[in-house]
Amino acid sequence: MANLSNPATANQAAFGQLGCEFQGGTGAFTVTDRVIVAIQFTEDSTLTTLTPATDDFCGTGTTGVNGDNMAGDTFPKGLTIYGRWTALRLATGAAIAYFGPE
């Protein structure tokens, strides 16, 4: 992983500057060595899977609370949600997943 000691670089990485992936099908998508920090829906979409990252920011190594089961909820085109996830699978629609540091 890159050195993120510069606050500007750390802020950029936290907001998806480590790349992105377009998801336009129903195949599973899992991230390693980074996490999904934002998901922008480019079509009305529903999710099958959204797996929360295990965060160690507080030294607990626990799964974040941002992984509530959202299967079946419809996310409208243009909506962006923020969090920390390691896996994404769409049931319908399309989205762009933005990456941040692990």
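## Surroundings of T46

T46 touches G72, D73, T74, L90, A91 and T92, not counting residues up to four places away in sequence; a contact here means heavy atoms within 4.5 Å. This is a predicted model, in which local features need pLDDT of at least 70 and side-chain atom pairs count only at pLDDT 80 or more, while totals for chains, interfaces and linings use all residues. Residues are numbered from 1 along each chain as its sequence is written, and side-chain values use heavy atoms, with hydrogens and water left out.

T46 lies in strand β4; strands are DSSP runs of E with at least two residues, numbered from the N terminus. Because its relative accessibility is 15%, T46 counts as buried (buried means under 20% relative accessible area, exposed over 50%, partly exposed in between, with a 1.4 Å probe and protein chains only).

## Pairing of strand β4

Strand β4 (residues 45-52) pairs with strand β8 (residues 80-92) in the antiparallel sense over six bridges. Two strands are taken to pair if DSSP finds at least two bridges between them. In β8, T92 is the bridge partner of T46. The side chains of T46 and T92 are also joined by a polar contact of 2.8 Å. Such a contact is a pair of N or O atoms within 3.5 Å; within protein, one must be able to donate a hydrogen and the other to accept it, and residues adjacent in sequence count only if both atoms are side-chain atoms.

Strand β4 also runs antiparallel to strand β7 (residues 74-75), to which two bridges join it. Here S45 stands opposite F75.

## The aromatic pair

The structure holds one aromatic pair. It is formed by F41 and F75, which are stacked at 4.8 Å centre to centre with 10° between the planes. Rings of Phe, Tyr and Trp (its six-membered ring) pair if their centres lie within 6.5 Å; planes under 30 degrees apart count as stacked, over 60 as edge-to-face and the rest as tilted. F41 belongs to strand β3 and F75 to strand β7, so the pair ties together parts that are 34 residues apart in sequence. Both F41 and F75 are buried.

Beyond its neighbours within four places in sequence, F41 is in contact with several residues, among them L47, F75, P76, I81 and L90.

## The nonpolar core

The largest nonpolar core has 16 residues, and those with the most contacts inside it are I36, I39, F41, L47, L50, I81 and L88. At least two residues of this core come from each of β3 (35-41), β4, β8 and β9 (95-100). Strand β8 gives the most, with four residues. A nonpolar core is a set of buried Ala, Val, Leu, Ile, Met, Phe, Trp, Tyr and Cys residues joined through side-chain atoms within 4.5 Å.
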